[in-house]
Amino acid sequence: MTSWSPILPETVWSKVATVLRKELGEGPFNSYVAPSSVRTGPYGDPVLVTPTAYARDWISRNAARRAQELWTQHDPDSRVLEIKSRVEYEDATRNSEAPAVDAVPVKDVTPVAAPVVVEAVAPNRIGGLQERLTFDSFVAGRGNEFAFQMSRQVASWADGHFNPVFFHGPYGYGKTHLLNAIGWEAQTRRPDAKIVYLTAEKFTSTFVKALLDKSTAAFKDEVRGADLLLIDDVHFIGGKTSSQEELFHTLTSLIENNRRVVFTADRPPSQLTEIEARLRSHLSSGLVCALDVADQSLRMGIIERKLEQLSQRLGAAQNPRSDVLHFLAERVPGSIRELEGAVNTLVASAGPRLGSLTLEEAMALLQPNLKVAVERRVTVDEIQKLVSDHFGLKQADLLSERRTRSVARPRQVAMWLCKQHTTRSYPDIGRRFGGRDHTTVLHAVKKVEELLQADDQIARDVEALTRKLRNV
C-alpha cells in the first residue's frame, strides 16, 4: 500500500497553493487544486497527485504552468513539478518497485535501440483501464442511451460493426467510462484478443520516445497489432504533426485489417479544426455518437448509484431526504463528475446525519465549494437572448411575426422557459414577445409540454437551456 504522508516540505506547496487560490478563485481552487497533494515520484521528483483524471486535465490546462513557476521559486533544486492522477501515481509507484531493466546509468552502457512497449501489464489486465469503470457501474439515460448501446455492441465483437466509432461530448459526461467499459467487456468475451487502451497524450509521448530511441518499428507493431484500439481524448493530438501522421497510418492499417478502433473527444470530428483534414475525415468515416447533457432523471439515477457505492464502501446509514436528492439533481451545476463530487462532499461532510439533513443544511455544506443554491432572478430578456443564441437566431426573430418552424418552435420554447423560470403572467409574457395574446403563450406552453414527452431533440434542447439558465 502506497504511503500518502507528504515527503516534500509542506511549506513549499503551501506557498504555491496560497498564490493559486488567489489567482484561480475559491471555486475552481477548491474543486480541483485543494483536493490534490504533492508527493514524491519514483525518482525523487515532486508530483502533484490529483484525486481524478479530470482534475489532472483541468489543472494541466489552467494552472500547470503557473504552479511550476511558483514551485521553482521555492524549490532550491528547481525541479519539474509533474501532475498525475492518483491512479497513475499508484501505478507508477508499484512499477518502480519491480526490478528495472534500465537501472544501470546511461553513461555506463552502450546506447542501443530499446523496444517500445506501450504499456507493460499483467495477464488479464489492460494497461490504463480503471477497474471501477464498467458497464455495470454506468448509468444510462436519455442523454447517453445510444452511446451506451453502441458501446455494448463494440464490446461484444459483433459482426457488421461501424469502424471507427467516435464518441464525443463535454468533459465529465461518461466518454472515458464507456471506453473503459468497452475494454473490460471485450476482454471478458475474448481473453485472447489484444486490446490496447491509450490516451492521446500517451500515444503522443510514447511515439515521440520511439522516435528518439529509433524504435518506431516496435511502436508500430505494438499499436497496429491490436485487435481493439481505444484512444481517449483524441483532440489532444491537435497541432502535433508527426503524431497525427502516425495516427492516420495506424487507423488506416487497423481498418484495412478489420481491427476495431474507438475514439473519444470533446467535439465531433468535423469541429476538430486543429487536426489535419484527412485524419478528421477518417475519424468521421464510421459512427459518430454524441453524449448529451444529462437530464434530471439521468442525474437522479447517477446520484442513487453513487450513494449505493458509498454505502457499500463507507457504510452510510441512510440516503438523504427526497428534497435534498432533487436539489442535487436540479441545482448542482456542471458535469456528471462534478455531480458525483457534490455527492461525495455531502456524504463526507454530513456523516451519520446524512439521512436527517435538511435542505438548508445540505445547501450550506455544498455552498463553499460548489457555488450552488443561490437563487437568481431570471429575466425574460435573458431567456430570449439565450434561446436565440442556442438556435442560431437573432433575438428580434423571437419578437417578429415570422411563423416558420425554425422560428416558431424556438419562440414556443422561450415562452415555456419564461413561464417556468419567471413570475410573469401569460399576458405579460405575450406582451414581451411582440405584443402577442396570452392565448398564444398558453398554447406554446402546452405544446412544449407535449413535445417534452414525444420529441427527444426538444427535450435535449430544453434541458440544455435550463441548465444554462441556472449556471449563468
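Two strands are taken to pair if DSSP finds at least two bridges between them, and helices (H or I, at least four residues) and strands (E, at least two) are DSSP runs numbered from the N terminus. The structure is a predicted model, in which local features need pLDDT of at least 70 and side-chain atom pairs count only at pLDDT 80 or more, whereas totals for chains, interfaces and linings use all residues. Residues are numbered from 1 along each chain as its sequence is written, and side-chain values use heavy atoms, with hydrogens and water left out.

The secondary structure of the chain comprises 21 helices and eight strands. Of its 472 residues, 46% count as buried, where buried means under 20% relative accessible area, exposed over 50%, and partly exposed in between (1.4 Å probe, protein chains only). The chain exposes about 23,800 Å², of which carbon and sulfur atoms supply 51%; accessible areas come from the Shrake-Rupley method with a 1.4 Å probe, and for residues only the protein chains shown count as cover. Among contacts (heavy atoms within 4.5 Å) with a separation of 6 or more, residues 24 or more positions apart account for 74%.

Strand β6 is largely enclosed by the rest of the structure, because five of its five residues are buried. Leu 228, Leu 230 and Asp 232 point one way from this strand, while Leu 229 and Ile 231 point the other way, and all are buried. Strand β5 (residues 195-199) pairs with β6 in the parallel sense over five bridges, and within this pairing Leu 230 of β6 is the bridge partner of Tyr 197. Strands β6 and β7 also run parallel and are joined by four bridges, with Ile 231 standing opposite Phe 263 in β7.

Helix α6 (residues 145-155) has as its buried residues Ala 147, Phe 148, Met 150, Ser 151, Val 154 and Ala 155. These residues lie on the same side of α6, because they cover an arc of only 165° around the axis, the arc being that of the directions from the helix axis to the C-beta atoms. The cover over the buried residues of α6 includes the strands β4 (165-168), β6 (228-232), β7 (260-265) and β8 (287-290), together with helix α7 (175-189).

A search of the whole structure finds five aromatic pairs, defined for rings of Phe, Tyr and Trp (its six-membered ring) whose centres lie within 6.5 Å, with planes under 30 degrees apart counted as stacked, over 60 as edge-to-face and the rest as tilted. One of them is edge-to-face, because the rings of Phe 135 and Phe 148 have their centres 5.8 Å apart and their planes at 85°. Phe 135 lies in the loop between α5 (86-97) and α6, and Phe 148 in helix α6, so the pair ties together parts that are 13 residues apart in sequence. Both Phe 135 and Phe 148 are buried, and Phe 135, Phe 138 and Phe 148 form one aromatic cluster. A tilted pair is formed by Phe 207 and Phe 219, at 5.5 Å centre to centre and 50° between the planes. Because Phe 207 lies in helix α8 (residues 200-213) and Phe 219 in helix α9 (residues 216-224), this pair ties together parts that are twelve residues apart in sequence; both residues are buried.

Backbone geometry was also examined. Most residues other than glycine have a negative phi, and most peptide bonds are trans. Trp 157, by contrast, has a positive phi of about 60° although it is not a glycine; it is found in the loop between α6 and β4 and counts as buried at 12% relative accessibility. The loop between α6 and β4 also holds Pro 164, and the peptide bond from Asn 163 to Pro 164 is cis, with omega near -5°. Lys 214, in the loop between α8 and α9, likewise has a positive phi, of about 55°, but counts as exposed at 72% relative accessibility.
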